[in-house]
Amino acid sequence: AWYLVWLFLMSWTPKCLNRWRVFLFRCFGAKIHGRPFVFPSARVYVPWIVEFYRSACLGPNCTVYSLGRVILRERCVISQEAYLCGGSHDFDSRRNPLLVGDIDVGKDVFIGARAFVLPGVTLGDEAVIGAMSVVTKDVAAKQIVAGNPARIIGQRQLHED
């Protein structure tokens, strides 16, 4: 049912109908705190285990493969075509069982275009993930990481505008 709702009632809507999209997420059990922004083309696979906070933004064509719980905290930005992947497989087993992990995106985090975040990762407040990076482990608050696998390349220095 969720896929049909996304396909017919969300994916084609203009940007200005964000309240409608957030309403539909709420109807399907997503926890909504404040008013996040979700681009029409953003895909969320299991909305009832996703939590959105005030001013969190899911950009164009990004994917939240929410097999585990996903938390998008205040003012985080998930840029275009980024992929938050809540599931993988245990390749050390012949049966390749499914592994599920939660993803926690902290306040004021910026995830660059086409970045990939693996299951079980926590991104600390104000962290920056470079475009096309692959994040395999937790990122501390204010760290800037980039690459495949993502490595620390700096520290974020925020200033008041």
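Predicted model: local features only at pLDDT ≥ 70, side-chain atom pairs only at ≥ 80, totals over all residues.

Guide: Residues are numbered from 1 along each chain as its sequence is written, and side-chain values use heavy atoms, with hydrogens and water left out.

Visitor: At what angle do the axes of helix 1 and helix 2 cross?

Guide: Helices (H or I, at least four residues) and strands (E, at least two) are DSSP runs, numbered from the N terminus. Axes are lines fitted to C-alpha atoms, for helices over the stretch in contact, and angles run from 0 to 180 degrees between N-to-C directions. Here helix 1 (residues 2-10) and helix 2 (residues 18-27) have axes that come within 11 Å and cross at roughly 170 degrees. Helix 1 is therefore roughly antiparallel to helix 2, a term for angles over 145 degrees.

Visitor: Which residues make the contact?

Guide: Contact means heavy atoms within 4.5 Å. Helix 1 contributes Trp-2, Val-5, Leu-9 and Met-10, and helix 2 contributes Trp-20, Arg-21, Leu-24 and Phe-25.

Visitor: Is Gln-143 buried or exposed?

Guide: Buried means under 20% relative accessible area, exposed over 50%, and partly exposed in between (1.4 Å probe, protein chains only). Gln-143, in strand 18 (residues 143-146), counts as buried because its relative accessibility is 15%. Among the residues that Gln-143 touches is Gln-155.

Visitor: How does Gln-155 count?

Guide: Gln-155, in strand 19 (residues 151-155), counts as partly exposed, at 44% relative accessibility.

Notes: Parallel < 35°, antiparallel > 145°, perpendicular 65-115°, else oblique. Lists of a residue's contacts leave out its neighbours within four places in sequence.
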